[in-house]
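Thanks, everyone. I have one structure to show today, and I will keep it short.

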Amino acid sequence: MIIKLFYRQLLFVALLPILLFADSENFKKDRDMQKDKKTVSLVLGSGGARGYAHIGVIEILEEQGYVIKSISGSSMGALIGGLYAAGKLDPYQEWVLSLDFIDTLKLLDISLSHGGIVNIDTVYKKIEQMVGDTKIEDLPITYMAVASDIKNQKKIWFKKGKLIDAIRASIAIPTVFVPVVKEDMLLVDGGVLEPLPIASVSSDETDLTIAVNLNANIQNTYKIESPEKEEIAENTFYKKTIELVDKAKQAIVTETSKEETPIDIFYILNKSLDATQSLIVENTIKEHQPDLIIEIPRDACESYEFDKAYEMIEIGKRATQKSLKTMR
């Protein structure tokens with residue numbers, strides 16, 4: 001018995017250096033892998049429904065091993081970034097992918113009071129259910145949402161306070177959604193004054209700054225077909241609703257217009273915001289050059305087409321894959 005115990009101890013002593021060496025090698029590999037993972041400050045721009053592309057961008061960045069340490073967002077970028085920072089992007093993605101054209105209409109409440117045409121309290125409540133009372137300063141990564149104070153003509157950076165309040169202010173499209181009144185400020189969509197808030201991450205200690213521009217003046221060459229489109233198109237109720245929407249648009253078309261495209265109030269507002277934001281983004285990129293720009297075509301979808309989540313998420317994935325190849 002004593003001899004067996006002696007041999008066991010001797011064997012352990014003999015194997016100990018090998019075990020320690022193997023363990024140190026594994027530790028070294030883990031450490032090297034951590035070094036290889038680049039940290040990112042991610043800037044998510046404004047652009048309405050095109051903002052669904054941010055979901056695809058984040059998915060590919062994570063798949064490729066990038067570690068997002070900081071997120072700065074404007075409008076839809078603030079929403080997607082906030083949900084990601086709070087760990088709620090997956091349930092949000094599942095929800096928006098379940099919505100068709102009819103579902104998105106049900107979420108809207110037409111109201112001509114309180115400074116907005118549309119009241120989206122139903123949407124806010126859904127988002128609030130996901131993020132709860134989470135405070136920005138308690139998030140696991142650095143987060144900033146920008147809103148535009150149109151009363152005092154200033155950009156407002158939300159870096160603390162309730163996450164839902166920051167998101168709500170940043171996505172309040174002027175005249176469309178009800179603005180947020182806070183103290184002496186009248187807050188609307190962040191894209192009005194800062195559609196791509198790159199400056200906010202300039203002091204971040206990360207390896208890369210990656211900006212996602214939803215207003216890129218490039219041709220949309222991505223051909224994405226939603227697997228549910230055929231089923232939706234056969235829905236009689238869907239067809240009738242489309243017809244009603246078209247009639248409503250025609251009712252407010254400018255009589256003096258000879259353009260083929262219907263010129264209604266939403267079209268004018270949408271194109272005005274796109275034009276303004278494109279110019280601001282162009283100047284922002286010149287002044288604050290990021291390490292990588294992921295460009296989403298401006299004509300990928302209109303800013304109000306919130307039933308196109310699937311298509312825009314896929315475009316976000318493909319645009320990210322395309323842009324990352326330029327870094328290799």
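This is a predicted model: local features need pLDDT of at least 70, side-chain atom pairs count only at pLDDT 80 or more; totals for chains, interfaces and linings use all residues.

Let me start with the helices. Two packed helices are described by the angle between their axes and the distance between the axes. Here the pair is α2, residues 53-63, and α11, residues 309-325. Their axes come within 6 Å and cross at roughly 45°. The crossing of the two helices is right-handed.

Which residues of α2 and α11 meet? From α2 they are Ala53, Ile55, Gly56, Val57, Glu59, Ile60 and Leu61. On the α11 side they are Met312, Ile313, Gly316, Lys317, Thr320, Gln321 and Leu324. By class, this contact of α2 with α11 has eight nonpolar residues, four polar and two charged.

Next, serine 46, in the loop between β1 (39-44) and α2. Is serine 46 buried or exposed? Its relative accessibility is 1%, and the cut-off for buried is under 20%, so serine 46 counts as buried. Leaving aside residues up to four places away in sequence, serine 46 touches Ser74, Ser75, Asp189, Gly191, Pro195, Leu214, Asn215 and Gln277.

Last, valine 188, which sits in strand β9, residues 185-188. Valine 188 is also buried, at 2% relative accessible area.

Conventions:
Residues are numbered from 1 along each chain as its sequence is written. Side-chain values use heavy atoms; hydrogens and water are left out. Axes are lines fitted to C-alpha atoms, for helices over the stretch in contact, and angles run from 0 to 180 degrees between N-to-C directions. Helices (H or I, at least four residues) and strands (E, at least two) are DSSP runs, numbered from the N terminus. A crossing is left-handed if the near helix is turned anticlockwise from the far one by less than a right angle, and right-handed if clockwise. Contact means heavy atoms within 4.5 Å. Ala, Val, Leu, Ile, Met, Phe, Trp, Tyr, Cys and Pro count as nonpolar, Asp, Glu, Lys and Arg as charged, and the others, Gly among them, as polar. Buried means under 20% relative accessible area, exposed over 50%, partly exposed in between (1.4 Å probe, protein chains only).
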